[in-house]
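Student: Hi! I'm new to this one, so please walk me through it.
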Amino acid sequence: MDINKKIQAASHSGARLRVLQDERNYLVEKSITSAIEKNFLGIKKQQRFKSLYTPTFDIRAIPVLNTEKSAEQLTITMPYIEGLGGERVAYRGSKTVAKNLKVALDFYLLNCIATSEDGSYPVSDVLGKLNSIKSNLNDKYERFPQLAEQIKIFEQFCQRDLHMPMGECHGDLTLANLKVTEENQLYLFDFLSCEINSPLQDAAKMIQDFEYGWSFRKEKESIRIKGEIFCEYAYPSFLKTLERLFWYEMRVIETLTLLRIAPYIDDQDQVTIDWFNRVMVKSMNKLAR
């Protein structure tokens, strides 16, 4: 597989990727034709990210070298970073990589909390997002037989505003959006502009991977098992602290994050349909604890 096919296969955003070469380096050009303004705000997040040095990895954002924005397209140019990224981190990463990733992500979450401010997010806005999800589901309920009842239970659960740390976050921090290099650098990319701008949003996205296996759900069973073992070793300890301190808020954000996936699941993607049905049961069980 040539390098262009390799990076396009690794892309989960629907963007068109291609590799360019200048006099000395390889570059990645990313072209986006939908949700241009939201993606542009995500790129601004990526540019603002300040490197964080931890005992294991230096956490950095992939630099943005050039941005071109029009009404029809957003084009971003970044350096090509060689490393272990996406679901490959989970099934090819060693036990040492897993433990080092755990330390680095614990530092990342702690730093996000330290630089945040106490704030709140109205429950009315949560319910508004939920109504938007329901309006976009159309006829998909038949593929998710428990979803209507799950949404009803979740609506009843959302009784008060979310009181939590508010501040800059990645927004879509799954394994698919990070890359580990041989130089002990952890690069983040595909930052997402989100209305719930809180470290708890990143925590919920980590749970989506480390607990529910989102990024490697489509791999064959042997690889999924390797991924699950990796995630057990790499599971950030600070996630448990956040779930203890902000139990209600974490439940709301985790469930809402999962529900927002449903309208975009392709009708022919039985693997993701089955995955969604399984993890929604697990997430809803947490509401009853």
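Student: In which sense do β7 and strand β10 pair, and over how many bridges?
Tutor: β7 and β10 (residues 178-180) run antiparallel, with two bridges between them. Two strands count as paired when DSSP finds at least two bridges between them. One of the residues involved is L84, whose bridge partner in β10 is V180.
Student: Before we go on, what kind of model is this?
Tutor: It's a predicted model: local features need pLDDT of at least 70 and side-chain atom pairs count only at pLDDT 80 or more, while totals for chains, interfaces and linings use all residues. Residues are numbered from 1 along each chain as its sequence is written, and side-chain values use heavy atoms, with hydrogens and water left out.
Student: And the strand and helix labels?
Tutor: They are DSSP runs numbered from the N terminus, where a helix is H or I over at least four residues and a strand is E over at least two.
Student: Back to the five strands, then. What order do they have in the open sheet?
Tutor: The order is β3-β4-β11-β10-β7, and the pairing is mixed. At the edges are β3 (52-53) and β7 (84-85); each has a single partner strand, so one side of each has no neighbour in the sheet.
Student: Which helix lies across β3, β4 and β11?
Tutor: Helix α4 (residues 95-114) does, and it runs at about 55° to β11 (185-188). Axes here are lines fitted to C-alpha atoms, for helices over the stretch in contact, and angles between N-to-C directions go from 0 to 180 degrees. Contact means heavy atoms within 4.5 Å.
Student: OK, new topic. What is the order in the open sheet of four strands?
Tutor: That sheet reads β1-β2-β6-β5, with antiparallel pairing. Its edges are β1 (16-21) and β5 (66-69), each with a single partner strand, so one side of each lacks a neighbour in the sheet. Ignoring direction, neighbouring strands of this sheet are turned by 20° against each other on average.
Student: How many bridges join β1 to β2?
Tutor: Six bridges join them, and the two strands run antiparallel. If you look at R16, its bridge partner in β2 is S31.
Student: And what about strand β2 and strand β6, how many bridges do they pair over?
Tutor: Strand β2 (residues 26-32) pairs with β6 (residues 74-79) over six bridges, again antiparallel. Within that pairing, V28 stands opposite M78. Helix α2 (residues 36-48) lies across β2, β5 and β6, at about 160° to β5.
Student: Let's switch to charges. How many salt bridges are there in the whole structure?
Tutor: A search finds 17. A salt bridge here is a side-chain nitrogen of Lys or Arg within 4 Å of a carboxyl oxygen of Asp or Glu. Side chains of opposite charge can pair when their charged atoms come close.
Student: Which residue does E211 meet in a salt bridge?
Tutor: E211 meets K286, at 3.1 Å from N to O. The pair links distant parts of the chain, 75 residues apart: E211 sits in the loop between α7 (199-210) and α8, and K286 in helix α11 (residues 270-287).
Student: Is K286 buried or exposed?
Tutor: K286 is buried, at 4% relative accessible area, whereas E211 is partly exposed at 34%. Buried means under 20%, exposed over 50% and partly exposed in between, with a 1.4 Å probe and protein chains only.
Student: What about R251 and E254, how far apart are their N and O?
Tutor: Their salt bridge has an N to O distance of 2.8 Å. Both residues lie in helix α10 (residues 247-259), three residues apart, about one turn of the helix. R251 and E254 are both buried. Salt bridges with shared partners join E211, E243, R251, E254 and K286 into one network.
Student: Last one: which residues is Q150 in contact with, leaving aside its neighbours within four places in sequence?
Tutor: Those are M280, V281 and M284. Q150 itself is in helix α6 (residues 147-157) and is buried, with a relative accessible area of 9%.
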